[in-house]
Amino acid sequence: MELDYRKKLKEIFYGNNKKAYVHSFGCQLNVSDGEKIKGILKEIGFSFTDSPEDSDIIILNTCAVRESAEERVFGIIGSMKKLKAEKPDLIIGVSGCMTAQEKNLERIKKSYPQVDIVLGTSAINSLPGLIYEHLNSNRFAYDISEYADFSCRAEQVRESSFKASVPIMFGCNNFCTYCIVPYVRGRERSRNSQDIIDEVTALVNQGYKEIMLLGQNVNSYGKDLENDMTFPELLREINKIEGDFIIRFMSSHPKDATKELLDTILECDKVAKHLHLPVQSGSNSILRAMNRNYTVEKYLETVKYLRERYKDFSLTTDIIVGFPNETDEEFQDTVRLIKQVEYDNIYSFIYSKRSGTKASEISDTIPEEVKSRRMRELLEVQREISDRHYKRFVGKTMRVLADGKSRKHEGFLTGKSNEFIIAEFEGDESLIGSFVNIKVTDSMNWAVTGEII
C-alpha cells in the first residue's frame, strides 16, 4: 500500500516543478532523519529550495531536548500562517521528536490550523500516505505511532558529498533524569548489522570519506538483537571494508565503555582516535541524582586505560552546570575532574528544566547568576587546558579531512584530524572532501594551524 502511495504521488508531482523546504533542528540523528525525508520527497517528484516562500511543501523536523527549542519551532509554525493564507495549496508538515509528545500533537491540532501533516520519529515511511490523505481529503493527517521497522525505503538526500551519518540504532533505555529522549525516541532498537555494513560499503564505494555511526547510546548496539553483533564487533567488521575512509561514532555512554570497545578503537586503523564520552558531572552525588549509573572513579579508569595506551588520544565530553541544587563543592568536583582528565574540548550547558523528566519535579534553589558564574569559571578552566593541551601536536604530522573554507583567512581550508581536532591550513578548494597530511606549526585553544606536506 505504501508503494502505491508513492506511485500515485509521482503521477501528481513529477514534471510540475514542485519544490520542498526541509529544515532539521537539533542532533545529528535528526539531521539524518531529515535526509531520509528529503529522499522520499525526491522520489515522488520534488526538488529542493532553501526558501520556505518558494516551496510547495514545508517539513519542519523538530527537536525536543529543550523546551526553548520547542517554543522556537512553535514560533516558526505561527509565522507560517500568513504564508499559508497566501498559498492555500502549500503543504506544511511537522516531524521529529517534538511530535512524539501527545500534548504537542493536541496543541498543533488546536492552535495551528496551517499545519497539514504531523509525522512521528519512527513513522518516516508513512509520509507518502499522509501527503496523499491530505491531498484527497484536505484534512489534517498524522501518524505518531512507534514502528519496529524504522528503515527508510528511499534514496537518502545527504547534505554532504563526502561525510555521511549512518544511524545504527534508535531510542534509549537509560532514563537520565534530565533527558526527554527515551520518551520521544522510544526504547532501544538496533538495526540489523548486515544492513549497516551494506550501507557503509555502498557509501565508501560512492567516495564518502567519513562515516559517522549514530545512536543515542551506540555502546548498547545489538543488545536487543538475537545472534547478531555487539558494537565492538560491528566496528571491526566496518573497519574491514576496503577503501580510504575514517569511522567516527556518537554518542557513547560511560557505563557501557568496556575494555573490549576501547581495545577495538585503538586497534582498528580506520576508527578515529577520539572518544566523545559525556560525563555530565564530576560529583558522584550529582551523577546519582542524574541516574547516570557510573561513578567518577569508574569514569577515570576508562580515561586512564586510553591515555596509557595512546598518549595523544583525544577526549571530549558534555557537562551540565547547575543541575538542581548542585552545591559549590559538587561543582568544584566537576572542575577538578576537568583538570584531571584534560579534555581536548568540552560542550557545556547550563541546566534547563525539561517538563516530562524526573529532574523537572525537583525544586531548584540555585540562583541563575550562580549558574552563570559557574559556567564562566568552567569555560575559563577549559580554555587554559585546551591552550596547553593542543601544543602537544605542534611539530607533528596530522592526517586531516578537509571539509570547507576558512571563515577567517582567505585561501585557507579547515578540517578535522583523526583525533577530531580542528585544523586550519593554506590550500586550494579542490582539496575539500579529501585527506591531506599537514605539519602542525602552531596551536590555539580551539584549533591547530599547519602546512600541507
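## Ser32, a buried serine

Ser32 is buried, with a relative accessible area of 1% (buried means under 20% relative accessible area, exposed over 50%, partly exposed in between, using a 1.4 Å probe and protein chains only). Its place is in helix H2, residues 28-43. Helices (H or I, at least four residues) and strands (E, at least two) are DSSP runs, numbered from the N terminus. Leaving aside neighbours within four places in sequence, Ser32 is in contact (heavy atoms within 4.5 Å) with Gln156, Ser165, Pro167 and Leu214.

A quick word on the ground rules: this is a predicted model, where local features need pLDDT of at least 70 and side-chain atom pairs count only at pLDDT 80 or more, while totals for chains, interfaces and linings use all residues. Residues are numbered from 1 along each chain as its sequence is written, and side-chain values use heavy atoms, with hydrogens and water left out.

The largest nonpolar core has 55 residues, and Leu213, Phe231 and Ile238 touch the most other members. Apart from it lies another core, this one of 20 residues, with Val22, Ile37, Ile91 and Leu127 among them. A nonpolar core here is a set of buried Ala, Val, Leu, Ile, Met, Phe, Trp, Tyr and Cys residues joined through side-chain atoms within 4.5 Å.

Who does Ile238 touch? Beyond its neighbours within four places in sequence, the contacts of Ile238 are Ile196, Ile197, Val200, Leu213, Phe245 and Ile247.

## The six-stranded sheet

An open sheet of six strands runs in the order S2-S1-S3-S4-S5-S6, with parallel pairing. Strand S2 (47-48) and strand S6 (141-143) stand at the edges with a single partner strand each, so one side of each is left without a neighbour in the sheet. Two strands count as paired if DSSP finds at least two bridges between them.

Inside that order, strand S4 (residues 91-96) and strand S5 (residues 117-119) run parallel and are joined by three bridges. Gly93 stands opposite Ile117 in S5. As for helix H5 (residues 127-137), its buried residues are Leu127, Pro128, Gly129, Leu130, Ile131 and His134. After H5 comes Asn138, with a positive phi near 55 degrees.

Strand S10 (residues 210-214) pairs with S11 in the parallel sense over five bridges, and Leu214 stands opposite Met250 in S11. Strand S11 (residues 246-250) is mostly covered, with four of its five residues buried. Together S10, helix H8 (residues 231-239) and S11 make a right-handed β-α-β unit. Right-handed means that, with the strands pointing away from the viewer, the path from the first strand over the helix to the second runs clockwise.

Met229 sits in the loop between S10 and H8. Met229 and Ser193 are 36 residues apart in sequence but 6.7 Å apart in space, C-alpha to C-alpha.

Buried in H12 are Glu330, Phe331, Thr334, Val335, Leu337, Ile338 and Val341. Down the helix axis these buried residues fall within an arc of 155 degrees, so they line one face of H12 (the arc is that of the directions from the helix axis to the C-beta atoms).

The cover over that face includes helix H10 (284-290), helix H11 (296-309), strand S13 (314-321), strand S14 (345-350) and helix H13 (368-389). S13 and S14 pair in the parallel sense over six bridges. The chain crosses from S13 through H12 to S14 in a right-handed β-α-β crossover.

H13 has 22 residues and reaches 31 Å from its first C-alpha to its last, close to the 32 Å expected. Its buried residues, including Val370, Met375, Leu378 and Ile385, fall within an arc of 135 degrees seen down the axis, so they line one face of the helix. On the other side of H13, Glu369 and Arg376 are exposed.

Tyr310 is found in the loop between H11 and S13. Tyr310 is partly exposed, with a relative accessible area of 27%. Setting aside residues up to four places away in sequence, Tyr310 touches Leu266, Lys273 and Glu419.

How values were computed. Expected span 1.5 Å × (residues − 1).
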